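Keep the picture open as you read.

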Amino acid sequence: MFVYEKELQYPVRIRKPDQRMASVIISQYGGPDGELGASLRYLSQRYSMPCNELKGLLTDIGTEELGHLEMVGSMIHQLTRDLTDCQIQDSAFAPYFTDHALGVYPQFASGQPYHAAAMAVKGDPITDLHEDLAAEQKARTTYENLILLADDPDVIDVLRFLRAREIVHYQRFAEALAMVQDRLNEKNFYAFNPMLQCDCKNK
Amino acid sequence: MRNDYIGTSIDGDARAACPCRSHQPCNTCQGRINANCGCNNRPTCNHGCGKPVDRPCDNDCTCQQRPHDDCTCNNDRPQPRDNNYPCHGRTPAMVYAQHHDLDSIYCAEKALLRGTLFGCLDKPMCNERCNDGACTSQCQVDKFALWELRLYLNTHPNDQKALALLRKLTEQMEQDCGCACYSDCNRWSWPDGPWPWEYQHCCGKEA
C-alpha cells in the first residue's frame with residue numbers, strides 16, 4: 001500500500017512567478033518522459049519481475065518518482081499562483097489557463113494530455129529494464145533542456161536535483177540488469193522470458 | 001525452464017566485402033567472403049581436404065578457410081560446432097554497469113544538496129552554478145541519505161559496510177525526525193498547513 005509523507009524530498013521555493021517556465025516544466029509532470037509516466041511504468045513493471053531485488057528496486061524507484069511528481073507539481077503551482085493578468089495573457093500560457101486556470105494538469109508541453117502510450121510494460125525483465133534505462137536518460141535530457149531554458153536560480157536548483165536523481169536511477173537499473181543477466185543460462189542470454197517459460201514439450 | 005535457444009544474436013561483425021580485387025582463388029583472401037566477391041573461383045578449404053565451399057560459413061570456426069558444414073577436413077577445432085547453438089562463443093551486446101561501493105560517499109548534508117550520496121554518481125552539467133544550499137531540515141537530510149542507501153542496498157543486498165551505515169543513519173533519523181503526532185490539543189491536525197507545495201521562507205519564517 002502507499003503511505004504519504006507530508007514533506008518534499010527536496011524543497012521547492014520559487015519566489016518569482018514565471019508562466020513561460022510553467023508551460024515547459026509541465027512536461028515533466030505529465031509529458032512523455034515525465035514523472036507521472038516514470039512512476040506508473042516502474043510500479044506496473046514490478047508485477048512481472050522474476051527476482052525479489054527487482055520488485056524492491058522498481059517499487060522504491062516508482063515511489064520516489066511519485067515524490068518527484070509532487071515536486072514538479074509544486075513548481076508549476078509556485079510558478080503560476082501569483083501571476084498578473086498580463087502574464088496570464090502571455091501567448092504560451094493562455095491556452096493552458098483557458099482549460100485549467102491555475103490548476104496543475106498532467107499534459108505534454110505541446111498540450112496533449114498524458115497517455116500511457118508514452119511508456120511500455122512488456123513483461124520481460126530484460127526488455128523492461130532497457131525501457132527503464134532509456135526512460136531515465138530521457139528524463140535526464142529533458143531536465144537538462146529545462147535547465148538551459150531557465151534563468152531563475154530557485155527553479156534551476158530544483159531541476160538540477162531532479163536531474164541528479166535520474167542519473168542515480170539509471171545506475172541502479174543498470175546494476176539490476178547486470179543482476180538479471182548473471183542469473184540467465186548462458187545459452188539463453190538474450191532470449192527467453194523467465195515468466196513464461198515452461199516445459200512445453202511435455203504437453 | 002526451456003533450454004532451447006530461441007533468440008537472435010547481435011552480430012556486429014557483419015560480412016565484409018571480400019578485399020581481393022582480382023580473380024584469385026578466394027581461399028587466399030583473408031577477409032570473409034560474400035556473394036559479391038568478384039572472384040570466379042569457388043573458395044576451397046585449404047586445409048587439405050580440397051572440398052569446395054559452397055557458401056561462406058558465418059560462424060567463428062577456427063579452420064582458416066571457414067569450411068562449410070559438410071567440409072570433411074579433420075582439423076581440430078577448439079570450439080566444437082554445434083548447430084543447435086549457432087551463436088555459441090559470440091558475445092552479444094550488453095549494457096555496461098559501472099560498479100561502485102561506499103568508498104566515495106558524501107556526508108548527508110552534501111548528499112541532499114548534490115542529489116546523491118555517491119561522489120562517483122555526481123555528474124553535474126557543464127557550467128553548473130554551485131548552489132548556495134537550499135534550506136533543509138536535519139530530518140529531511142537524514143531521510144534522503146537513508147533513502148539513497150536503500151536504493152543502493154536493493155542491488156547490493158550483502159554489502160556489510162552499507163548495512164552498518166544503514167543502522168547508523170536510521171538511529172540518526174529517528175532522533176532528528178521524532179514522531180509525527182497529529183492529535184495534540186484535542187484536535188486532528190494532519191490537514192493543517194503548510195502543505196509541502198506551499199513553501200515557507202528559509203529557516204521557518206513565514207512566506
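## How chain A is laid out

Helices (H or I, at least four residues) and strands (E, at least two) are DSSP runs, numbered from the N terminus. With that in hand, chain A reads α-α-α-α-α-α-α-α along its sequence: eight helices and zero strands. This is a predicted model, in which local features need pLDDT of at least 70, side-chain atom pairs count only at pLDDT 80 or more, and totals for chains, interfaces and linings use all residues. Residues are numbered from 1 along each chain as its sequence is written, chains are lettered from A and ligands numbered from 1 in the order in which they are written, and side-chain values use heavy atoms, with hydrogens and water left out.

How much of chain A is buried? Buried means under 20% relative accessible area, exposed over 50%, and partly exposed in between (1.4 Å probe, protein chains only). Of the 203 residues in chain A, 56% are buried. Now think about contacts, meaning heavy atoms within 4.5 Å. Among contacts in chain A with a separation of 6 or more, 77% are between residues 24 or more positions apart.

## Helix 3 of chain A and its cover

Find residues 35-45 of chain A, which form helix 3. Eight of its eleven residues are buried, so helix 3 of chain A is mostly covered. The buried ones are A:E35, A:G37, A:A38, A:S39, A:R41, A:Y42, A:L43 and A:Q45. What covers them includes helix 2 (27-30), helix 4 (52-80), helix 7 (125-149) and helix 8 (153-183) of chain A.

Two packed helices are described by the angle between their axes and the distance between the axes. Axes are lines fitted to C-alpha atoms, for helices over the stretch in contact, and angles run from 0 to 180 degrees between N-to-C directions. The axes of helix 3 and helix 4 of chain A come within 8 Å and cross at roughly 160°. That makes these two helices of chain A roughly antiparallel (angles under 35 degrees count as roughly parallel, over 145 as roughly antiparallel, 65 to 115 as roughly perpendicular and the rest as oblique). Residues making the contact include A:L36 and A:Y42 of helix 3 and A:L58 and A:V72 of helix 4.

Helix 7 of chain A has 25 residues and reaches 36 Å from its first C-alpha to its last, close to the expected 36 Å (1.5 Å times one less than the number of residues). At its start, a side-chain oxygen of A:D124 comes to within 2.8 Å of the backbone nitrogen of A:I126.

The axes of helix 7 and helix 8 of chain A come within 9 Å and cross at roughly 165°, and the two are therefore roughly antiparallel. Helix 8 of chain A also holds A:E175. Is A:E175 buried or exposed? A:E175 counts as buried because its relative accessibility is 3%. Leaving aside neighbours within four places in sequence, A:E175 is in contact with B:A97, B:Q98, B:H99, B:H100, B:T155 and B:H156.

## A helix pair in chain B

In chain B, the axes of helix 2 (residues 138-155) and helix 3 (residues 160-177) come within 9 Å and cross at roughly 155°. These helices of chain B are therefore roughly antiparallel to each other. Their contact involves, among others, B:L146 and B:L149 of helix 2 and B:L166 and B:L169 of helix 3.

Helix 2 of chain B is mostly covered, with 15 of its 18 residues buried.

Conventions:
A polar contact is a pair of N or O atoms within 3.5 Å; within protein, one must be able to donate a hydrogen and the other to accept it, and residues adjacent in sequence count only if both atoms are side-chain atoms.
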